[in-house]
Amino acid sequence: GINAEYMGTQHGQAVTERTREYLCNFNWNEAQYPITKSLKQLLQSIQEQVVKGEENVRTKLIDYNEIKGKLQGIKKKSGGQLSVKPIGPSVRAWYEKHGEDGPVESEYLTTVFVAVPIASEKQFLESYASFGKCAQPIVVPDSAKLVDRDSDFLLYNPVLFRKFKKDFETDCRERKFITRDYNPQEEVTDAEVEELNNQLDNKKNLLVRWLKNTFSECYCAWLHLKAIRVFVESCLKYGLPPNFVAMCFHVDSKTEKRVRSELGAQYASLSPKKFSDEEEADGISALEQQYPYVSLKTKATLDE
């Protein structure tokens, strides 16, 4: 195989050098494609190899994109305001700083986290204790503390009677205060994010290795397919038994016309048809070209 090398920004050049070297020194791989098999069997083997390689790469790509999507989702949420992003990191940091195990949660009491617009802070602090449609206060006096803040919102944590939680949240919504859910089991910790990043790196490295191997295998299979086509079309053009030689010319767009002209003159006796020096069109069989020789184009570099 080609054993393509990918090294930093030079990977394209490295692969180009390998493909050109393999093409110019092409030898039929008898071990992988035994010439004792029929052409139909050889074509089937090439097709199965390419399909298998594509399936393997697709599976690795799906695994990589799945983890990448999770990390992008976490990053997108964490980059928002306190009114929308996960509040877990802010809550944990505040309670750890104050030497507490976590929010007050008991049979009768619960903690509600409220995102308050900065412009409405005074209104919230002066009125939250009276929230809830109840004759008696439902909020623990002075329980709301500033947990975190950003450029637009403040996060407070009032403590109240559990059975009046819905009433409290209703009053918050009516006053444009946003209650935020906090579930420690659903929060993604820094350690979990780090683990996902490690998994992403591993999946990426695995994907790159599979891409290298699959590219090598598919390029080699493609050239063997080209070789089969040269053989078949040469037999159709010149007849049996096979009596021809295959050659490889490395030309660019500037020199192709001149090279074809010289080849046409050299082998003009092989075909009674008038040949053309025009560039070979994609998708047209070699037999349809007006050359006295069988002509197939093959890319030797990645940028052609």
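1. Aromatic cluster. Rings of Phe, Tyr and Trp (its six-membered ring) pair if their centres lie within 6.5 Å; planes under 30 degrees apart count as stacked, over 60 as edge-to-face and the rest as tilted. One aromatic cluster is made of Phe124, Tyr128, Phe131, Tyr156, Phe168 and Phe177.

2. Basis of the note. This is a predicted model: local features need pLDDT of at least 70, and side-chain atom pairs count only at pLDDT 80 or more, while totals for chains, interfaces and linings use all residues. Residues are numbered from 1 along each chain as its sequence is written, and side-chain values use heavy atoms, with hydrogens and water left out.

3. Stacked pairs. The structure has 15 aromatic pairs. The ring centres of Phe124 and Tyr128 are 5.2 Å apart and their planes meet at 15°, so this pair is stacked. Phe124 and Tyr128 are both buried (under 20% relative accessible area; exposed is over 50%, partly exposed in between; 1.4 Å probe, protein chains only). Phe215 and Tyr219 are also a stacked pair, with 6.0 Å from centre to centre and 25° between the planes.

4. Helix H6. Phe215 and Tyr219 sit four residues apart in helix H6, so about one helical turn separates them. Phe215 is partly exposed, at 23% relative accessible area. Tyr219 has 8% relative accessibility and counts as buried. H6 covers residues 190-238, 49 residues in total. At 1.5 Å a residue it should span 72 Å, and its end C-alpha atoms are 71 Å apart, which agrees. The expected span is 1.5 Å times one less than the number of residues. Gly239 follows H6 and has a positive phi, near 90°.

5. Overall make-up. The chain has seven helices and six strands. These are DSSP runs, numbered from the N terminus: helices are H or I with at least four residues, strands are E with at least two. From the N terminus, the order is α-α-α-β-β-α-β-β-β-α-β-α-α. Of the 304 residues, 31% count as buried. Among contacts (heavy atoms within 4.5 Å) between residues at least 6 apart in sequence, 69% join residues at least 24 apart.

6. Surface. Which residues form a nonpolar patch on the surface? They are Leu39, Phe231, Tyr238, Phe244 and Leu270, with about 410 Å² of accessible area together. Patch residues have over 30% relative accessible area and no salt bridge; nonpolar side chains (Val, Leu, Ile, Met, Phe, Trp, Tyr) are joined within 5 Å, like charges within 9 Å. A salt bridge puts a side-chain nitrogen of Lys or Arg within 4 Å of a carboxyl oxygen of Asp or Glu. Areas come from the Shrake-Rupley method with a 1.4 Å probe; for residues, only the protein chains shown count as cover. Leu270 lies in the segment after helix H7 (256-266) and is partly exposed, at 44% relative accessibility.
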